[in-house]
Amino acid sequence: MKSLVLAFVLLFFPLVASTTTHENFMQCMRTRFSDYTKTFEIVYSSNSSSYPHLLQSSEQNPRWVNSSRSTLKPLLIVTPFHESEIQAAILCTRRQGLRIRVRSGGHDYEGLSYRCKTPFILVDLVNLRSVDIDLEEEAAWVQSGATLGELYYSIAKESKVHGFPAGICPSVGIGGHFSGGGFGTMLRKHGLAADNVIDAYLIDVNGRILNRELMGEDLFWAIRGGGGASFGIILSWKIKLVRVPPTVTVFTALRSLEQGAIELVHRWQYIAHELPEDLFIRVIIQDVADNPNKGSVKAVQAVFNSLFLGKLDSLMQLMNQRFPELGLKGGDCTEMSWIESVLYFAGYKKDNPLEVLLDRNTLYKSYFKAKSDFVQEPIPEVGLRGIWERLLEEEIAFMIMDPYGGKMNEISESELPFPHRKGNLYNAQYLVKWVQDGVEASNKHLHWIRTLYNYMTPYVSASPRAAYLNYRDLDLGINGKGEESYSRASVWGVKYFKGNFRRLAIVKGRVDPENFLRNEQSIPSYPALKKRR
């Protein structure tokens with residue numbers, strides 16, 4: 001009998017605790033900001049019929065949707081419409097002794113924007129996504145809950161000669177993308193998205209709303225590439241728009257092994273970073289069915305995917321001079337507007353309306369794991385051949401190579417937390433996707449990508465082996481606790497930030513000394529600051 005009572009108590013206690021937390025949180029929200037807060041309209045418990053949809057709607061990696069991998073689902077989901085509701089959420093979360101997670105688009109590769117190992121509140125910025133364009137100033141204010149697609153759409157509706165240098169996937173949220181650096185097809189011309197941020201509004205752990213002047217240059221530096229979630233909740237960003245020509249040219253050239261793909265990729269490594277900054281040519285190495293009508297024989301091909309900020313005739317002249325080996329023909333290319341090129345790179349069809357950019361859902365959603373590297377010396381052909389062989393082992397796998405050079409060479413490593421500038425030929429992203437859920441299936445694909453990553457060791461940067469924050473990878477390391485937190489975090493921190501990691505930790509210690517805003521790869525406080533307190 002006693003065992004039955006104990007079992008009932010253990011089963012019932014979490015429900016009581018959750019209900020009590022909900023009631024206390026709601027009361028706190030009402031008390032602190034009663035003039036603005038809609039409380040019942042913006043806070044959802046697991047008992048709400050809207051909770052499952054809200055939780056899963058922005059989870060871009062299904063691998064984490066039903067995950068029980070030592071993580072919990074949020075006790076409450078808050079969907080603020082007003083900055084005061086975020087202030088209340090921060091202060092009330094702290095009062096309740098909970099953690100907080102902030103989601104703008106849900107594209108964090110490891111799901112850290114919506115999962116946690118301890119009880120937490122999720123603040124989803126989906127309702128804070130306005131974009132205000134000022135063509136006279138050639139600038140815009142964009143809220144963190146907006147997506148890249150919504151930003152691009154808003155710009156295009158106002159101007160045919162303005163754009164913004166950010167990522168390719170339209171459903172990516174502004175908040176995470178900008179705060180991690182953010183790059184796309186115009187990085188060689190205009191740098192990162194973060195390089196073009198000129199102001200921001202942030203709510204700190206004390207609920208204060210700070211712009212660039214009030215937060216100071218150190219914190220403003222930190223949130224542009226250092227990951228904003230470690231320092232506060234960023235409400236909005238002021239960006240400078242860039243000029244784009246009325247006509248741009250794109251092409252996608254596929255080359256098989258028999259067409260000299262390995263030799264072409266090898267040659268690409270020597271020239272892509274030295275081309276004029278108006279020309280961006282990335283390479284995607286991917287496995288494909290060689291001939292679907294004959295049993296889907298597997299093969300690997302190289303895809304040369306390009307944006308040229310100019311007309312076809314200028315592109316052809318340039319390609320014939322600098323990369324004649326590719327054998328590009330005028331018929332392989334298409335002239336279009338810059339906003340049409342956004343649709344093109346996102347994988348939409350030519351006749352799709354611009355309004356598809358407003359769809360917050362990812363076009364091709366699947367389980368996945370990714371890792372990244374920076375390449376500073378060309379990989380020899382024998383090394384490329386090894387990549388080909390390993391890609392054949394997987395069903396859906398890619399290696400994406402984005403060239404640097406141009407504007408990226410002109411910006412100092414310490415200008416922003418993102419340090420991967422001059423000296424890098426290209427960024428490499430390895431990506432494996434799968435359809436079947438389950439631990440066994442996941443482990444199989446995780447083993448494959450980790451094996452590929454180990455294979456790449458002699459061909460990529462070293463001391464540290466660099467990685468890109470927006471391609472988050474918990475394999476690189478996770479935070480420890482207490483006094484060891486900084487030293488443990490340095491293992492992964494120097495890979496993302498190199499020498500900038502120390503400065504980020506100093507800023508963290510000043511703005512969040514109690515480390516309220518923390519996750520497996522949040523910035524820790526610098527030890528010297530802890531000892532002074």
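**Helix on the sheet.** I looked up helix H4 (residues 148-158) in this predicted model. H4 lies across S5, strand S6 (139-143) and S10, and runs at about 35 degrees to S5. Helices (H or I, at least four residues) and strands (E, at least two) are DSSP runs, numbered from the N terminus. Axes are lines fitted to C-alpha atoms, for helices over the stretch in contact (heavy atoms within 4.5 Å). Angles run from 0 to 180 degrees between N-to-C directions.

**Ground rules.** I number residues from 1 along each chain as its sequence is written. Local features need pLDDT of at least 70, side-chain atom pairs count only at pLDDT 80 or more, totals for chains, interfaces and linings use all residues, and side-chain values use heavy atoms, with hydrogens and water left out.

**The sheet.** I read the strand order as S5-S6-S10-S8-S9, an open sheet of 5 strands with antiparallel pairing. Strands S5 (131-134) and S9 (209-210) are at the edges with a single partner strand each, so one side of each is left without a neighbour in the sheet. Two strands pair if DSSP finds at least two bridges between them. S8 (residues 197-203) and S10 (residues 233-240) pair over 6 bridges, in the antiparallel sense. I checked Asp199: its bridge partner in S10 is Lys238.

**Lining of the largest cavity.** Which helix gives the most to this lining? I found helix H11 (residues 338-346), with 5 residues. The lining residues divide into 11 nonpolar, 3 polar and no charged. Ala, Val, Leu, Ile, Met, Phe, Trp, Tyr, Cys and Pro count as nonpolar, Asp, Glu, Lys and Arg as charged, and the others, Gly among them, as polar. A cavity is a set of points on a 1 Å grid over the protein atoms alone where a 1.4 Å probe fits but cannot get out; lining residues have an atom within 4 Å of a point.
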